[in-house]
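Here are my notes on the model you sent over.

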Amino acid sequence: MIFAILPVKSPQNAKQRLKDFLAVEQRETLARMLYRQTLAALCQAEGIDRVVVVTSDFEAAEHARRSGALVFEENEQVSHSVSADAACLRAMELGASTALLVPIDVPTATPADFSQLAASARPGLVVVPSSDGTGTNALVRTPPDCIESRFGPGSFRKHLDQALSKGLPADVLRLPGLMFDIDTPEDVGELLTREHECQVSSFLRAACASK
């Protein structure tokens with residue numbers, strides 16, 4: 001079974017690198033929009049047997065349940081990597097043979113992108129890099145615990161190196177919709193120049209216009 005795992009940290013603490021660009025309330029609104037948009041795309045994708053949301057946020061958990069997703073509740077989020085790996089172990093107890101680890105902040109990702117991600121599953125590791133080639137925007141792990149998560153700066157190389165050190169097959173999958181994420185004001189500017197209209201881009205366009 002293929003499980004898609006979506007760690008969601010408290011939206012009140014999200015998007016700190018946008019603190020000079022968006023007010024606290026705007027950053028929380030943006031995080032919740034990104035989460036809901038990504039979750040909707042995952043739930044519409046083909047080839048995914050279960051969608052799991054990992055969170056300590058009550059509102060995010062309730063939205064996940066209404067969307068038909070499974071919720072792994074946390075008391076607190078230590079880090080994205082810790083949440084992802086703990087969720088992988090729980091998913092394996094429920095029969096998961098493959099885990100898709102994805103972030104919330106990929107506003108251009110579509111159900112087709114996630115369908116393609118699921119279709120790429122094979123023994124070992126598949127990595128979707130960030131647009132700058134240094135980070136990791138998605139992982140496909142078969143089995144789910146074949147490597148440990150190393151999300152953060154330089155994670156693309158760290159994930160590949162782990163697989164190679166274990167003798168696991170490792171492939172790189174470049175999906176443009178998944179490679180673009182929202183972290184900085186520059187990312188916001190790039191999204192608004194793209195021909196991609198969604199709730200997130202509309203919100204950010206309005207936020208920019210109000211400055």
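Which residues in the largest nonpolar core touch the most other members? Keep in mind throughout that this is a predicted model.

1. Starting with that core: it has 48 residues, and the ones that touch the most other members are Leu 6, Leu 30, Tyr 35, Ile 48, Phe 114, Leu 117 and Leu 178. Helix α1, covering residues 24-44, gives the most to this core, contributing 7 residues. There is also a second, separate core, made of 20 residues, with Ile 5, Cys 88, Ala 91 and Cys 146 among them.

2. Leaving aside residues up to four places away in sequence, Leu 178 touches Val 106, Ala 109, Asp 113, Phe 114, Leu 117, Val 128, Asn 137 and Ala 138.

3. Next, helix α2 (residues 58-66). Its buried residues are Ala 60, Ala 61, His 63 and Ala 64. Looking down the axis of α2, you find these buried residues within an arc of 165 degrees, so they line one face of the helix. The cover over them includes β1 (2-8), α1, β2 (50-55) and β3 (70-73). On the face of α2 turned away from the buried side sit the exposed residues Phe 58 and Arg 66.

4. Both ends of α2 deserve a look. At the start, a side-chain oxygen of Asp 57 comes to within 3.3 Å of the backbone nitrogen of Glu 59. Just after the helix, Gly 68 adopts a positive phi of about 90 degrees.

5. On to the largest pocket, which holds about 1,000 Å³ of space. Its lining counts 34 residues, and those nearest the centre are Lys 15, Arg 17, Asp 105, Asp 181 and Asp 183. The elements giving two or more residues to that lining are β1, α3 (80-93), β6 and α7 (185-193).

6. Is Asp 105 buried or exposed? With a relative accessibility of 10%, Asp 105 counts as buried, because the cut-off for buried is under 20%. Asp 105 belongs to the loop between β4 (98-101) and α4 (111-119). Its contacts, not counting residues up to four places away in sequence, are Lys 15, Leu 34, Phe 180, Asp 181, Ile 182 and Asp 183.

7. Helix α7 also has a buried side. Asp 187, Val 188 and Leu 191 are buried there; seen down the axis of α7, they fall within an arc of 105 degrees, so they line one face of the helix. The face turned away from that side carries Glu 186 and Thr 193, both exposed.

8. Last stop: the loop between β6 (136-142) and α5 (155-165), where Pro 143 lies. The peptide bond from Thr 142 to Pro 143 is cis, and its omega is near 0 degrees. Pro 144 is in this loop too, and at 0% relative accessibility it counts as buried. Not counting residues up to four places away in sequence, Pro 144 touches Cys 88, Met 92, Ala 96, Ser 97, Thr 98 and Ala 99. Ala 87 is 57 residues from Pro 144 in sequence, yet their C-alpha atoms are 9.3 Å apart in space.

Notes
Residues numbered from 1 in each chain as written. Predicted model: local features only at pLDDT ≥ 70, side-chain atom pairs only at ≥ 80, totals over all residues. Heavy atoms only, no water. Core = buried A, V, L, I, M, F, W, Y, C linked by side-chain atoms within 4.5 Å. Buried < 20%, exposed > 50% of the residue type's maximum accessible area, 1.4 Å probe, protein only. Helix = DSSP H or I, 4+ residues; strand = E, 2+ residues; numbered from the N terminus. Contact = heavy atoms within 4.5 Å. Arc of directions from axis to C-beta. Polar contact = N/O pair within 3.5 Å; in protein donor to acceptor, adjacent residues only side chain to side chain. 1 Å grid on protein atoms, 1.4 Å probe; cavity = no way out; pocket = protein on both sides within 12 Å on 5 of 7 lines; lining within 4 Å. Points joined across faces, edges and corners; volume = space filled by probe spheres on them.
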